[in-house]
There are 2 protein chains.
Amino acid sequence: MASRAVSVADLVERARAGEARAVARLISLVEDQSSKLREVSAALMPHTGKAHIVGLTGAPGVGKSTSTSALVKALRAQGRRVGVLAVDPTSPFSGGALLGDRIRMQEHATDDGVYIRSMASRGHLGGLSVAAPQALRVLDAAGCDVVLVETVGVGQSEVEISGLADTTLVLLAPGMGDGIQAAKAGILEIGDIFVVNKADREGAQSTRRELRSVVTMTDRPDGAWKPPILLTVATSGEGVDEVASEIAQHHDHLVTTGELDRRRLARTRREIEALALTSVRDRFAHLSGDTRLDTLAADVLTGAIDPYAAADSLVENL
Amino acid sequence: MASRAVSVADLVERARAGEARAVARLISLVEDQSSKLREVSAALMPHTGKAHIVGLTGAPGVGKSTSTSALVKALRAQGRRVGVLAVDPTSPFSGGALLGDRIRMQEHATDDGVYIRSMASRGHLGGLSVAAPQALRVLDAAGCDVVLVETVGVGQSEVEISGLADTTLVLLAPGMGDGIQAAKAGILEIGDIFVVNKADREGAQSTRRELRSVVTMTDRPDGAWKPPILLTVATSGEGVDEVASEIAQHHDHLVTTGELDRRRLARTRREIEALALTSVRDRFAHLSGDTRLDTLAADVLTGAIDPYAAADSLVENL
């Protein structure tokens, strides 16, 4: 059979009807930053805003993939449609880095209520912030009730993932340099739900205690969400239903307090900003027939101007 | 004694005369993105361009800090003034993460021909690319013949560091997942000099062989630099003089072929671009009394416009 050109509207309709291939195709279109990206984005818009986006983060070795897989199982048992987006913000390469994770997710491969996708952020500026929101919209429009966004946790990516999610789940494990982890104020600030995984290992209770003392120390206004600290053994599924239940409760809290809207507004602001900066960068590169930046750089190298003055001149010439 | 306000011109003069406190003060000014940043940058410009910037990168555990320290020693023995900038691009926090490195560098603390500085990149956009070049200019203006830039190697940071340097040194160690390392084409492409450290351990020769087969496979034009692969034991200093000598030879090569100018031009282009984008982002935030982005984000959330259209509108209103 000859393959036919498929319209974006068609793909979106088929994705909404639950066709996995159409979902995969749409995510490829947004990940590849294809010429259809804008069209895809516009076509998806009317069908988005329903999915609860849950970010999972934590240091390597805490069991993120296993926890994600266990959570998918728990959510599926409740009859909810689930999307999984596994992001590797530090990898300039696509696919490979997350192969292991994909294999661990295999048990859900034949479940047509689950979409699983790996994604590497390409390039630097706004890599994750530009492509990931679009991929999340595809999964949202495809009717996922919950989308789990999993990231390899290294430095900034943890904070970035919290910027993509409605609810952020921070995973820890016993005896993984707890002192250091607790000192990482960044992680503690972004967590809506904390999970000490591998709770059958020694030190789980003390990790929970340590976390609790830090989390309860934080000043919170009246009526604010108090991040729970749960224990799980993701490999056996122990405690995972409680995590799913806390995720649902946090969603209720977000809706009731109006915090969901505030978080999504802030997120959309950042997304628009990242897109606008990408577009401005393209314009810089093409100013005066591609030579403006070169001329300015040469002037900086001779010491004729300083880099700040050069940047001002570039912006003025937009 | 009452402390007096010190002018930037004064600080630059004192830094050029070799006063370590003035160097430290200037780097703090650029790192803190203080209001004096532009003034500092302009004052430094006439005194820059002499230092040879050498980037050191490699996975955690290959012995980067020890190698840096050993290289400082070798370069000092040749009577050269040396600056060290240790950068942690993944840490949103300053100082702490690199404490261990600083301690290892302690042996040079009393040598007034060596400046050592740790730096964390703050914030996301252009963090490393904005602050680090200014810090390098301070060390350059202070009369350093060679500045070593060391980074914690995770993903993109390796490539970023090569963007800051004239010469990039890639460190490896035997038995650290060589197959994976070799597959990391990104690392192999940026290396001007490869060093297999911990060469007294088993597997050093096979790591070198594996590297050589990949490095020699790469197509290079006639007269191009052929990256050498050296063996060192940084803890004992074995092989480190050869590394220092290859660094000097690579510098000669860069000068002779005009490649030094080309690399510096490309680097300065990226720096100007990053500064310009930072300035544009500030303007976005203040468009129409800080409300423009909020209005657009609200429109995207209701589905009235898509994020690309919102970004276009933002750029048009610059």
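1. Strand β6 (residues 193-196) of chain A pairs with strand β7 (residues 229-231) of chain A. The sense is parallel, over three bridges. Strands pair if DSSP finds at least two bridges between them. Helices (H or I, at least four residues) and strands (E, at least two) are DSSP runs, numbered from the N terminus. A:Phe194 stands opposite A:Ile229 in β7(A). Between β6(A) and β7(A) the chain runs through helix α10 (residues 204-217) of chain A, a right-handed β-α-β crossover. Right-handed means that, with the strands pointing away from the viewer, the path from the first strand over the helix to the second runs clockwise.

2. The model is predicted: local features need pLDDT of at least 70, side-chain atom pairs count only at pLDDT 80 or more, and totals for chains, interfaces and linings use all residues. Residues are numbered from 1 along each chain as its sequence is written, and chains are lettered from A and ligands numbered from 1 in the order in which they are written.

3. β6(A) also pairs with strand β5 (residues 167-172) of chain A, in the parallel sense over four bridges. Here A:Ile193 is the bridge partner of A:Leu169.

4. Are the faces of β6(A) covered or open? Both are covered. A:Ile193 and A:Val195 are buried on one side, A:Phe194 and A:Val196 on the other. Buried means 20 or more other C-beta atoms within 10 Å of the residue's own, with C-beta atoms placed from the backbone.

5. Now the contact with chain B. In chain A, 45 residues are in contact with 44 residues of chain B (C-beta atoms, placed from the backbone, within 7 Å). α12(A) gives the most to this side of chain A, with 14 residues.

Key. A residue is buried if 20 or more other C-beta atoms lie within 10 Å of its own, exposed if 12 or fewer, and partly exposed in between; C-beta atoms are placed from the backbone. Two residues are in contact if their C-beta atoms, placed from the backbone, lie within 7 Å.
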